[in-house]
Amino acid sequence: MKLRYLGWAGVEIDYEGHTLLIDYIRDTSSILSDVRFPEPLRQGNATAALVTHLHSDHADPAALATALADGAPVFRPEATPGSGDDLKWTAKAELQFRELKINTRIIRCWEWQDVGPFKIMSGPAVDGLGDPQCCWIVKAGDKCILHAGDTINHGYWWSLARHVGQIDIAFMPINGAVVTLPHLQPSSPFNATMLPEEAAVAAHILGAARVVPVHHSELNRP
């Protein structure tokens, strides 16, 4: 298994001539940046993609449409319930997925699936803004990684450790963003993603051999 950082929260997993993308984006306007992120190694031929949630800094349907092989699936969490302001941060991705006719699939937590040479499982995560979110566990060969998305600290770490077993690398958000938005009022003074110390404790509970921080360079540095 070879891993490659694709910027912000994006990760590419390469194994036996196949690539799997997690939270790959090309449009960086949502993180107030003009940085140019790397393209996947097999642009237009990726086997599948995983999306932890549908905020635009983690879900870029246009980028995925270009990166994926024809008909390749995008695994994602369930749609945000409600209407109006409830959908403020997810409606754009939902619309683009439909317009681009991307093969999206929703899988429930704790269900393993085979995608090419990869075994994937959706695990629980908790979004700091109230939208559906998941973490992803990927196994290839004798290696296993976990991508925690944008989660805040929660109580599922022990269950994840029991279900997954060995985790070689855990990608964990560490910027501890505090968010004030017009449609989320009154605002909360608490962090909407994990702080570095929370990520460290979570990784310890998971028994991860190594931790790779995400959300730590382009914006909101810890």
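Predicted model: local features only at pLDDT ≥ 70, side-chain atom pairs only at ≥ 80, totals over all residues.
Local features are described only where pLDDT is at least 70 and side-chain atom pairs only at pLDDT 80 or more, while totals for chains, interfaces and linings use all residues. Residues are numbered from 1 along each chain as its sequence is written, and side-chain values use heavy atoms, leaving out hydrogens and water.

View 1. Strands here are DSSP runs of E with at least two residues, and helices are runs of H or I with at least four, numbered from the N terminus. T28 counts as buried because its relative accessibility is 6%; buried means under 20% relative accessible area, with a 1.4 Å probe and protein chains only. Leaving aside residues up to four places away in sequence, T28 touches S33, D34, V35 and F37, where a contact means heavy atoms within 4.5 Å.

**View 2. Here β5 pairs with β4 and with β6.** Two strands pair if DSSP finds at least two bridges between them. The β4 and β5 pairing is parallel, over two bridges, and A49 stands opposite V74. The β5 and β6 pairing is also parallel, over four bridges, with V74 opposite T104 in β6. From β5, P73 and F75 point one way and V74 and R76 the other, and all are buried.

**View 3. Helix α2 (residues 91-99) has A93, E94 and F97 buried.** These residues lie on the same side of α2, because they cover an arc of only 100° around the axis; the arc is that of the directions from the helix axis to the C-beta atoms. The buried residues of α2 pack against α1 (61-67), β5 (73-76) and β6 (103-106). Just after the helix, K101 takes a positive phi of about 55°.

**View 4. Six strands form an open, mixed sheet in the order β7-β8-β9-β10-β11-β12.** At the edges are β7 (112-115) and β12 (210-214), each pairing on one side only. Within the sheet, β9 (residues 134-140) and β10 (residues 143-147) are antiparallel over five bridges, and I137 has L146 in β10 as its bridge partner.

**View 5. Helix α3 (residues 157-164) lies across β8 (118-124), β9, β10 and β11 (169-173).** Helix α3 runs at about 160° to β8; angles run from 0 to 180 degrees between N-to-C directions, with axes fitted to C-alpha atoms, for helices over the stretch in contact. Helix α4 (residues 196-206) also packs on the sheet, touching β10, β11 and β12, and its direction makes about 155° with that of β11.

Notes: Buried < 20%, exposed > 50% of the residue type's maximum accessible area, 1.4 Å probe, protein only.
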